Number of protein chains: 2
Amino acid sequence: MSLSTALIIIGDEILEGRTRDSNGYWLARRLKEVGLGLSEILVVSDNLADLSKLFKDCLAKYRVIFISGGLGPTLDDVTKQALADATSNKILESSQGAEMAKENYLRYGKEWTPVLNSYHMVPENFNAVTNPKGLAPGLVYCNENSMLLAAPGVPWEFEEMVDSVFLPILKKEFPKQLKRMQELVICTRFIPEEKIFGELCPNLWKDLSAFGKVSSLPQVLGINIIVRAADLDEEKRDQIVELINSTELSEYVWQYGSLSLPELIIKKACEKGLSIGMAESCTGGLSASRLTDIPGSSAVFMGSLVTYSNQAKEKLLGVKEKTLLDHGAVSTETVEEMAIGAREKLDCDFAIAFSGIAGPGGGSDEKPVGTLAFALSGPNQTYSKLINYRGDRLKLKNRFSEFGLFKLLEALS
Amino acid sequence: MSLSTALIIIGDEILEGRTRDSNGYWLARRLKEVGLGLSEILVVSDNLADLSKLFKDCLAKYRVIFISGGLGPTLDDVTKQALADATSNKILESSQGAEMAKENYLRYGKEWTPVLNSYHMVPENFNAVTNPKGLAPGLVYCNENSMLLAAPGVPWEFEEMVDSVFLPILKKEFPKQLKRMQELVICTRFIPEEKIFGELCPNLWKDLSAFGKVSSLPQVLGINIIVRAADLDEEKRDQIVELINSTELSEYVWQYGSLSLPELIIKKACEKGLSIGMAESCTGGLSASRLTDIPGSSAVFMGSLVTYSNQAKEKLLGVKEKTLLDHGAVSTETVEEMAIGAREKLDCDFAIAFSGIAGPGGGSDEKPVGTLAFALSGPNQTYSKLINYRGDRLKLKNRFSEFGLFKLLEALS
């Protein structure tokens with residue numbers, strides 16, 4: 001049986017919309033990797049009485065409770081007191097707590113003394129634990145039923161404390177429950193969910209359920225179908241692939257796996273020794289930024305010419321003035337010249353080019369907001385296409401980029 | 001008194017880390033804008049019994065409960081049943097529900113019939129409400145104490161339903177409670193939090209508290225100090241600015257307001273009729289992408305030369321081979337030539353250039369991961385600087401970009 005776990009995130013800045021929480025998303029992913037589920041995430045305010053009651057309720061309900069935030073030195077940091085109240089313990093001076101505070105400070109070349117803060121004050125029956133990337137110690141508490149694991153809310157401190165302190169404790173305490181779940185992600189493209197499960201393969205969901213828990217997740221390019229189980233070994237994976245290959249869905253599958261398009265592109269280009277580049281107008285640098293998010297991209301990615309103005313398109317990419325006048329910046333003609341220009345200027349094997357209308361202004365009846373002209377130029381030929389997407393400016397930039405990177409991946413494969 | 005409100009997000013995909021929730025962050029911001037707080041956010045699994053109990057608990061605890069997700073047609077969509085159970089109502093065929101389903105389908109040129117799904121089945125005493133951006137109707141329930149407002153979890157459907165259906169209901173029901181809170185954000189840079197409140201102005205927090213609720217939020221560039229109150233009018237804002245100006249903190253303040261750097265840059269460049277461009281190595285297109293996220297950026301942003309390879313730096317920006325050999329790609333010498341080259345090639349008034357080591361590889365003792373060489377070239381002079389940041393690849397790209405955009409804003413101001 002899997003452990004019941006909860007994450008309590010303490011922070012008014014999240015409830016007030018000033019910060020977007022990242023600890024919940026990060027912990028959900030990390031726990032999935034080690035085979036633990038997350039039963040609930042709560043984002044709550046730093047009110048002492050409410051917190052204390054919540055901790056108490058969760059101690060009765062969950063086996064493992066992660067807590068993020070409220071361990072700092074300022075007045076609104078009440079987590080420690082609430083933990084003490086919830087477990088009916090007093091906060092006392094703790095030499096072990098003082099040791100941890102000293103250790104954390106020493107790591108930054110600083111000396112800790114009790115004058116600085118109350119990091120040495122620890123609720124009875126709690127252990128202060130090291131904070132490898134910060135100053136405030138974390139706290140750990142166990143009773144016969146539950147375990148409380150409290151870390152500071154700063155994302156890098158929280159993440160490091162979970163990885164280097166909490167997970168080792170959990171692995172020791174629950175050696176059987178912590179095993180990696182395995183999953184196979186079947187990435188499809190350009191086919192709607194209803195068509196897959198309604199028309200193309202009405203039995204697929206049922207058939208896949210024989211291998212594990214099935215879920216489907218819409219992405220920009222199409223639907224990802226995910227199968228998860230503790231024992232999804234090589235043989236079972238092969239069986240699933242065979243199952244898909246026996247259906248018409250197979251031609252819509254572009255990846256069995258969960259690498260991102262930028263990861264796949266860099267991997268493929270490295271394997272084949274091919275260099276890549278791009279010319280971006282409407283995506284404005286986003287496609288290049290996504291590729292350069294990948295470590296090692298510099299080995300194959302030459303660069304991108306972000307030519308937002310027509311003038312830059314002419315001067316830097318050699319797009320002809322006449323092409324721009326006759327067909328406009330958002331046209332297959334222009335974008336082909338952009339791709340060819342980028343390939344030449346960046347001296348690379350493959351170049352892609354984007355020119356489109358991300359809005360909110362700039363649309364027309366003929367070319368509404370959401371229109372993308374895309375081209376790909378390789379050693380043998382140049383290809384171009386005009387397509388349409390829906391969405392606001394940021395969504396459109398992302399969709400345009402996703403489409404183009406997918407086409408680049410196809411060309412590299 | 002403000003209303004107690006909660007948001008319940010239903011979705012295994014979030015607890016399993018497959019999707020990062022955006023509805024919580026969005027709603028927190030929207031509610032703040034209309035003067036409502038958010039007391040709690042809960043992310044829970046779609047288990048019928050648990051959900052029903054949770055809804056019941058929340059009905060006893062909160063005045064307004066927003067619910068996101070689980071209203072779709074598939075088997076794991078159990079929100080409707082849980083709502084019925086929690087309020088001891090039966091789900092019945094509803095002509096009003098059928099009307100809403102028909103209306104939603106018609107908007108997409110489709111006809112709804114009861115064969116398609118059970119959108120017409122609505123718990124007694126609930127109202128089905130229109131879904132302006134989707135097919136599944138939302139649900140609204142009121143008893144003497146509480147209000148349940150349920151929308152589909154798809155972000156654009158959720159957002160639109162809150163804006164066009166739920167908020168109007170709340171405004172009608174609670175005309176006094178819904179008033180816009182006002183805030184003043186004091187953005188500082190290059191000074192740590194301890195120094196502000198510890199050394200520079202130890203009374204500031206207390207003094208600001210006379211105007212409203214004070215909070216401080218660390219950002220990449222520095223600390224944002226926020227003062228919020230219902231009555232923060234022009235006069236009080238001026239008093240706060242005066243108060244800051246009487247302290248040494250004033251020279252560290254770069255904005256009274258909450259516009260992003262890209263917004264400020266585009267605004268300033270438009271006002272002054274100045275054109276801008278850039279050359280990016282380590283930021284790899286990120287800085288350009290952030291500027292082009294802003295509608296209207298095309299009026300002043302000429303483009304960016306993302307030159308990842310040395311070859312591209314030479315060929316496209318005119319960086320001298322000797323400079324690269326003598327000083328390396330990450331040097332003030334190289335980055336100055338990049339900025340000058342970008343200004344010339346993109347034909348713009350101001351150009352910035354980035355060359356640095358985002359890691360994880362590529363660092364050395366002399367120039368470790370996190371080193372950034374930055375330059376800015378304008379009509380009168382070229383300035384360059386070598387600085388160091390900490391963080392992983394993505395954080396470093398972001399910090400590099402933030403530093404450079406800030407310097408560009410300074411130059412435009």
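Modeller: Angles under 35 degrees count as roughly parallel, over 145 as roughly antiparallel, 65 to 115 as roughly perpendicular and the rest as oblique. We'll need that for the helices.

Colleague: Fine. What kind of model is this?

Modeller: A predicted one: local features need pLDDT of at least 70 and side-chain atom pairs pLDDT 80 or more, while totals for chains, interfaces and linings use all residues. Residues count from 1 along each chain as its sequence is written, and chains are lettered from A and ligands numbered from 1 in the order written.

Colleague: Helices, then. At what angle do α12(A) and α14(A) cross?

Modeller: Roughly 45°, and their axes come within 9 Å. Axes are lines fitted to C-alpha atoms, for helices over the stretch in contact; angles run from 0 to 180 degrees between N-to-C directions. Helices (H or I, at least four residues) and strands (E, at least two) are DSSP runs, numbered from the N terminus.

Colleague: So how are α12(A) and α14(A) set to each other?

Modeller: At that angle, α12(A) and α14(A) are therefore oblique.

Colleague: Which residues make the contact?

Modeller: From α12(A), A:Lys313, A:Leu316 and A:Leu317. From α14(A), A:Glu337, A:Met338, A:Gly341, A:Ala342 and A:Lys345. Contact needs C-beta atoms, placed from the backbone, within 7 Å.

Colleague: How many of those are nonpolar, polar or charged?

Modeller: Four are nonpolar, one is polar and three are charged. Ala, Val, Leu, Ile, Met, Phe, Trp, Tyr, Cys and Pro count as nonpolar, Asp, Glu, Lys and Arg as charged, and the others, Gly among them, as polar.

Colleague: Now α3 and α4 of chain A. What is the angle there?

Modeller: About 50°. The axes of α3 (48-61) and α4 (79-86) of chain A are 8 Å apart. That angle makes α3(A) oblique to α4(A).

Colleague: Over to chain B. How do α2 and α6 of chain B pack?

Modeller: At about 20°, with the axes 10 Å apart. Helix α2(B) covers residues 23-33 and α6(B) covers 155-173. The pair is therefore roughly parallel.

Colleague: And which residues meet there, in α2(B) and α6(B)?

Modeller: α2(B) brings B:Asn23, B:Trp26, B:Leu27 and B:Arg30. α6(B) answers with B:Pro155, B:Phe158, B:Glu159 and B:Val162. By class, there are five nonpolar, one polar and two charged residues.

Colleague: New topic: the contact between the chains. How many residues does it take from chain A and chain B?

Modeller: 52 from chain A and 53 from chain B. On the chain A side, the elements giving two or more residues include α1 (12-15), α2 (23-33), β2 (40-44) and α15 (393-412).

Colleague: Which element gives the most to that side of chain A?

Modeller: β14(A), with seven residues.

Colleague: How do β2(A) and β2(B) pair?

Modeller: In the antiparallel sense, over five bridges. DSSP must find at least two bridges for strands to pair. One spot to look at is A:Val43, which stands opposite B:Ile41 in β2(B).

Colleague: Last one, the open sheet in chain B. What is the strand order?

Modeller: β10-β11-β9-β12, four strands with antiparallel pairing. The edge strands are β10 (213-218) and β12 (253-256), and each pairs on one side only. The twist averages 20° from one strand to the next.

Colleague: How many bridges join β9(B) to β11(B)?

Modeller: Six. Three bridges join β9(B), residues 182-188, to β12(B). Both pairings run antiparallel.

Colleague: Where does B:Ile186 point me?

Modeller: Both ways. B:Ile186 stands opposite B:Ile225 in β11(B) and opposite B:Tyr256 in β12(B). B:Thr188 has B:Val253 of β12(B) as bridge partner.

Colleague: Which helix packs on the sheet?

Modeller: α9 of chain B, residues 234-245. Helix α9(B) touches β9, β11 (223-229) and β12 of chain B, and its direction makes about 20° with that of β9(B).

Terms used:
Two residues are in contact if their C-beta atoms, placed from the backbone, lie within 7 Å.
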